[in-house]
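My notes follow the order in which I looked.

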Amino acid sequence: MALLKIAQIGHPVLRERSREITPEELASERIQRFIDDLVETMRDANGAGLAAPQVYEPVRICAIEVKDNPRYPYKPNIPLTILVNPVIKPISEETFENYEGCLSVPNLRGVVRRFADIEVTYWDRTGETQTRVVHGLTAGTFQHECDHLDGKVFLDRVEDTSTLSTWAEFDRFHKQAFVDRIVPFIQRKGG
Ligand code: NI
């Protein structure tokens with residue numbers, strides 16, 4: 001396994017629409033090894049998720065995992081999930097304001113509106129079709145990662161640029177209010 005380099009904002013690979021991958025490609029040794037490397041890189045960087053274009057591979061694959069994440073201590077745990085060719089469908093009108101960050105956007109966080117309830121259909125890494133309903137903050141993580149496959153980063157969805165904050169200033173001035181608001185939301189939504 002290998003750690004991959006993470007593309008930083010300004011690199012065009014983050015701005016293209018990634019292409020679908022075929023069942024044959026997914027079964028290939030190259031792509032299976034790539035998925036292992038994507039997971040290893042995500043864990044090494046303490047990411048809650050990592051999308052293939054973030055490591056210079058513009059294909060529709062992303063990894064998501066939260067296990068007592070030090071970057072996001074309030075986030076509910078999410079078992080390791082590999083999404084291949086995912087499609088997200090909101091299943092309620094409810095939205096919420098999330099404070100997001102991204103491994104491709106150094107030292108910046110900002111408030112982004114996300115759907116609170118989604119259904120995601122995807123292939124797992126063995127090529128099986130899966131459909132899952134995801135709620136709450138976890139739904140926000142899925143939307144953030146899938147946005148990368150369409151060349152979008154969270155900054156594109158920040159409605160109020162006065163919410164932008166470095167990680168240190170987030171901790172000083174915004175974290176407590178965010179945690180006070182988001183923890184009851186996580187409890188209500190179960191995610
Ligand atoms: Ni990101």
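Entry 1, the model. I am working from a predicted model, in which local features need pLDDT of at least 70 and side-chain atom pairs count only at pLDDT 80 or more, whereas totals for chains, interfaces and linings use all residues. I number residues from 1 along each chain as its sequence is written, and side-chain values use heavy atoms, with hydrogens and water left out.

Which protein donors does the nickel ion have? I found Cys102 (SG), His144 (NE2) and His148 (NE2), lying 2.1 to 2.3 Å from the ion; donors are N, O and S atoms within 2.8 Å of the metal (3.2 Å for Na, K and Ca), and since water is not among the atoms, sites may look incomplete. I noted the sequence spacing of these donor residues as C-x41-H-x3-H.

His144 and His148 are about one helical turn apart because they are 4 residues apart in helix α3 (residues 136-149), helices being DSSP runs of H or I with at least four residues and strands runs of E with at least two, numbered from the N terminus. Both His144 and His148 are buried, meaning under 20% relative accessible area with a 1.4 Å probe and protein chains only. Thr138 is also placed in α3, and I count Thr138 as buried because its relative accessibility is 9%.

Strand β4 (residues 95-102) has 6 of its 8 residues buried, so β4 is largely enclosed by the rest of the structure. I found β4 and strand β5 (residues 105-115) running antiparallel, joined by 7 bridges, where pairing requires that DSSP finds at least two bridges between two strands. The two strands form a hairpin with 2 residues between them, and Asn98 stands opposite Val112 in β5.

Methods: Buried means under 20% relative accessible area, exposed over 50%, partly exposed in between (1.4 Å probe, protein chains only).
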